Amino acid sequence: MRLFDLHEDIGHWYSRGFDFVSGDGPTSLQKLQALGDVAVVAIMFPATGRQRYDLTLNTMLSQLKFMLELEREGKVRIVRRTSDLDQPGVKFVIGLEGTDSLVDARDLLWLHQAGLRLIALTWNYNTKFAASCTAKKDYGLTDLGQELVELANELGIVIDVSHTSKNTVIDVAKVTKKPIVATHSNVSSLKQHYRNLDDDALKALADTGGVVGVTSIPDTLPSPNVESMVKVANYVGEHVGWEHVALGTDFLGLERYPEGFSDLSHLDHLAHLLGDKAELVLWRNAYRVFKETLPP
Ligand SMILES: [Zn+2]
């Protein structure tokens with residue numbers, strides 16, 4: 001089966017001392033290899049509750065090194081240009097969740113050289129670049145944030161608005177020249193939750209040509225089960241178009257999972273429930289966005 005998973009917390013799993021290669025988490029390198037043709041956004045997650053820049057930077061660097069080491073050992077291919085997406089095997093798109101470890105937009109210059117191809121503007125903390133979904137005053141995208149988006153567009157780095165505020169999504173959609181994504185977010189119309197996208201945000205994102213990665217975070221689903229994930233996919237598909245629906249499991253980042261979706265081996269069942277939309281949701285839509293954004 002071809003899979004494009006928009007969000008796996010591989011860096012965080014590594015930092016916690018767990019085995020990504022052959023461990024028994026909901027996903028692992030072995031499990032991805034067994035699927036065959038897989039692209040996964042491998043997330044670096046430095047914002048572990050610490051406000052100190054030096055610590056967030058160190059965390060990010062150690063996670064980056066882990067991913068580059070996997071590449072050197074020939075275990076994964078790091079996606080740097082569009083043609084890498086068409087290679088067989090397990091492909092990592094290196095992503096950063098939150099801008100807590102950045103000083104300014106120009107940090108993208110070296111991160112891009114190191115392989116970064118997706119950046120989430122915030123985790124649950126506000127940053128100098130953008131307001132997060134927990135902001136008391138939703139200041140949206142700042143001037144610095146706009147610089148970051150423009151430079152990311154130029155370099156071919158995909159912008160992720162999961163965890164950001166509503167105004168951030170709307171502001172980014174106005175500024176970006178490339179499709180934007182919400183790698184792991186569900187929708188407010190089906191479940192009120194601070195992490196979910198309301199209809200305005202959903203529409204703004206879709207208008208850029210982007211995708212929403214339906215996610216398995218139990219509290220953000222109408223009910224904590226795999227059928228609810230399909231409900232979210234249907235909602236996005238019917239309201240803004242099926243070309244905007246994708247999957248971001250958030251595997252390795254969760255303590256609990258929806259019933260029927262707690263391991264990569266459950267993908268077959270999800271694909272079955274998605275029916276003739278499965279190929280779009282599990283592969284083609286996300287693939288299109290990265291093809292349109294990454295350097296050739
Ligand atoms: Zn997250």
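Two residues are taken to be in contact if their C-beta atoms, placed from the backbone, lie within 7 Å. By this criterion, in the predicted model described here, Lys-166, Val-169, Ile-170 and Ala-173 of helix H6 meet Asp-200, Ala-201, Ala-204, Leu-205 and Asp-207 of helix H7. The residues of this contact between H6 and H7 divide into 6 nonpolar and 3 charged, with no polar residue among them. The axes of H6 and H7 come within 9 Å and cross at roughly 25°; because angles under 35 degrees count as roughly parallel, H6 is described as roughly parallel to H7. The crossing of the two helices, H6 and H7, is left-handed.

Helix H7 spans residues 199–207, and its buried residues are Ala-201, Leu-202, Ala-204, Leu-205 and Ala-206. Just after H7, the backbone at Gly-209 takes a positive phi of about 90°.

Within helix H6, Val-172 was examined individually. Val-172 is classed as buried because 27 other C-beta atoms lie within 10 Å, where 20 or more are required for that class. When residues up to four places away in sequence are not counted, Val-172 touches Leu-141, Val-149, Ile-159, Val-161 and Ile-180. A further pair involving this position is formed by Val-172 and Thr-142, which are 30 residues apart in sequence and whose C-alpha atoms are 9.9 Å apart in space.

At the level of the whole protein, the secondary structure comes to 10 helices and 9 strands. The radius of gyration of the protein is 17 Å, close to the 19 Å that the globule rule gives for 296 residues, so the protein is as compact as a globular protein of that length. Taken along the principal axes, the box filled by the C-alpha atoms is roughly 45 × 45 × 35 Å. Of the 296 residues, 52% count as buried, and among the contacts with a separation of 6 or more, 73% are accounted for by residues 24 or more positions apart.

Note on methods: Residues are numbered from 1 along each chain as its sequence is written. This is a predicted model: local features need pLDDT of at least 70, side-chain atom pairs count only at pLDDT 80 or more; totals for chains, interfaces and linings use all residues. A residue is buried if 20 or more other C-beta atoms lie within 10 Å of its own, exposed if 12 or fewer, and partly exposed in between; C-beta atoms are placed from the backbone. Helices (H or I, at least four residues) and strands (E, at least two) are DSSP runs, numbered from the N terminus. The radius of gyration is taken over C-alpha atoms; the globule rule is 2.2 Å times the number of residues to the power 0.38. Axes are lines fitted to C-alpha atoms, for helices over the stretch in contact, and angles run from 0 to 180 degrees between N-to-C directions. Angles under 35 degrees count as roughly parallel, over 145 as roughly antiparallel, 65 to 115 as roughly perpendicular and the rest as oblique. A crossing is left-handed if the near helix is turned anticlockwise from the far one by less than a right angle, and right-handed if clockwise. Ala, Val, Leu, Ile, Met, Phe, Trp, Tyr, Cys and Pro count as nonpolar, Asp, Glu, Lys and Arg as charged, and the others, Gly among them, as polar.
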